[in-house]
Amino acid sequence: MTRLPYLKLVLATLALGTVISVVMLQVDWFGDAAATAAGPIDTLMEFTIVISSFVFAIVCVALGYALVKWRVKPGDEGDGLPIHGNTRLEIIWTLIPTAIVLFAAGYSWVVMNDIEDKQPDAMTVNVYSQQFAWTFGYPEAGNKWSEGEFHVPVDQQVIFKMHAQDVIHSFWVPEWRIKKDNVPGITTEAVITPNEVGTYQLICTELCGAGHATMRAIVVVEPREDYEKWLAGLDGEVPEDLLLTADQAIELQKQLQGTEQGIDSSGVDETSAENVDQS
Ligand SMILES: [Cu+2]
């Protein structure tokens with residue numbers, strides 16, 4: 001068996017990996033950025049794209065070389081040589097990907113940890129999701145309530161507390177990058193600092209039923225004075241039933257069913273909701 005031309009293969013892999021990386025990094029994958037998390041997340045993503053490009057290049061070069069070098073000769077109808085494996089190769093191709101994955105996991109951990117570092121002056125917004133609408137509560141402002149639209153001050157860290165009234169929904173403002181599931185029975189959290197004034201769109205990214213595609217809300221990031229003005233103009237507080245815990249909601253539903261007016265349209269499945277872990 002001929003020895004492999006290692007140097008040429010390595011150089012070809014580096015060249016192809018570089019070309020793929022450069023092409024892939026030209027694409028504007030993420031769109032506009034409007035939160036402090038966007039920079040580190042985009043850099044992490046670009047790092048992953050470069051690593052993946054080189055892994056892809058290794059596969060392409062090895063495959064291409066094998067196709068050309070060991071192509072079957074015309075008229076050769078024989079079986080290939082029996083190959084017994086190569087322990088050294090198998091150790092290498094296990095260890096290197098393991099190291100890459102562990103490094104990427106550590107890097108992601110650091111980025112996430114930074115993003116979720118809560119500031120003492122962070123404000124809280126409750127996000128309520130149900131088929132097929134978003135509503136928002138401001139617990140630090142008398143639990144004021146807004147339907148289908150929410151405002152936040154620019155350069156202010158916001159802790160969004162996610163609640164789901166029926167099925168799983170997912171909170172995503174593309175310009176903020178962070179995406180978080182809203183899960184019935186538990187409260188999930190997203191920590192975001194919007195840093196660009198503007199109007200954005202909140203999109204549900206968890207297929208939640210027939211109206212899923214329309215489940216959107218308007219997001220307004222504005223200077224603090226404008227935000228205060230908008231907040232002061234809100235009338236109405238978060239309705240009682242949105243504040244219930246899962247257990248309380250089930251209890252209420254049972255009572256209503258006892259009086260023959262079950263909450264048919266709520267989407268809450270009593271049998272499965274009973275198993276919800278209340279944490
Ligand atoms: Cu949805």
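How close do the axes of α2 and α3 come, and at what angle do they cross? In this predicted model, the axes of α2 and α3 come within 10 Å and cross at roughly 170°.

**View 1. The contact between helices α2 and α3.** With a crossing angle of roughly 170°, and angles over 145 degrees counting as roughly antiparallel, α2 and α3 are therefore roughly antiparallel to each other. From α2, the contact is made by Pro40, Ile41, Leu44, Phe47, Thr48 and Ile51. The α3 side of the contact consists of Ile100, Ala104, Tyr107, Ser108, Val111 and Asp114. Sorted by class, the contact of α2 with α3 has nine nonpolar, two polar and one charged residues.

**View 2. Helix α2 and its buried residues.** Helix α2 covers residues 38-69, which is 32 residues. At 1.5 Å a residue it should span 46 Å, and its end C-alpha atoms are 46 Å apart, so expectation and model agree. Ala38, Ile41, Ala57 and Val61 of α2 are buried.

**View 3. Helix α3 along its length.** Helix α3 has 29 residues. From its first C-alpha to its last it reaches 42 Å, close to the 42 Å expected at 1.5 Å a residue. The number of buried residues among these 29 is zero, so α3 lies largely in the open.

**View 4. The open sheet β3-β2-β1-β5-β8.** This sheet has five strands in the order β3-β2-β1-β5-β8, and its pairing is mixed. At the edges stand β3 (144-147) and β8 (188-192); each has a single partner strand, so one side of each is left without a neighbour in the sheet. Neighbouring strands of this sheet are turned by 25° against each other on average, direction ignored. Within the sheet, β1 (residues 123-130) and β2 (residues 133-138) run antiparallel and are joined by five bridges. Gln130 stands opposite Ala133 in β2.

**View 5. The open sheet β4-β10-β9-β6-β7.** Five strands form this open sheet, in the order β4-β10-β9-β6-β7 and with mixed pairing. Its edge strands, β4 (149-153) and β7 (179-182), each pair on one side only. On average, neighbouring strands here are turned by 25° against each other, direction ignored. Helix α4 (residues 224-232) packs on the sheet and touches β4 and β10. The direction of α4 makes about 140° with that of β4.

**View 6. Strand β9 between its two partners.** In the strand order, β9 stands between β10 and β6. Strand β6 (residues 169-172) pairs with β9 (residues 198-204) in the antiparallel sense over two bridges. Across this pairing, Phe171 stands opposite Cys204 in β9, and Trp172 stands opposite Ile203 in β9. With β10 (residues 216-222), β9 also pairs in the antiparallel sense, over six bridges. There, the bridge partner of Leu202 is Ala217 in β10.

How values were computed:
Residues numbered from 1 in each chain as written. Predicted model: local features only at pLDDT ≥ 70, side-chain atom pairs only at ≥ 80, totals over all residues. Helix = DSSP H or I, 4+ residues; strand = E, 2+ residues; numbered from the N terminus. Expected span 1.5 Å × (residues − 1). Buried ≥ 20, exposed ≤ 12 C-beta atoms within 10 Å, placed from the backbone. Axes fitted to C-alpha atoms, helices over the stretch in contact; angles between N-to-C directions. Parallel < 35°, antiparallel > 145°, perpendicular 65-115°, else oblique. Contact = placed C-beta atoms within 7 Å. Nonpolar A, V, L, I, M, F, W, Y, C, P; charged D, E, K, R; others polar. Pairing = 2+ DSSP bridges.
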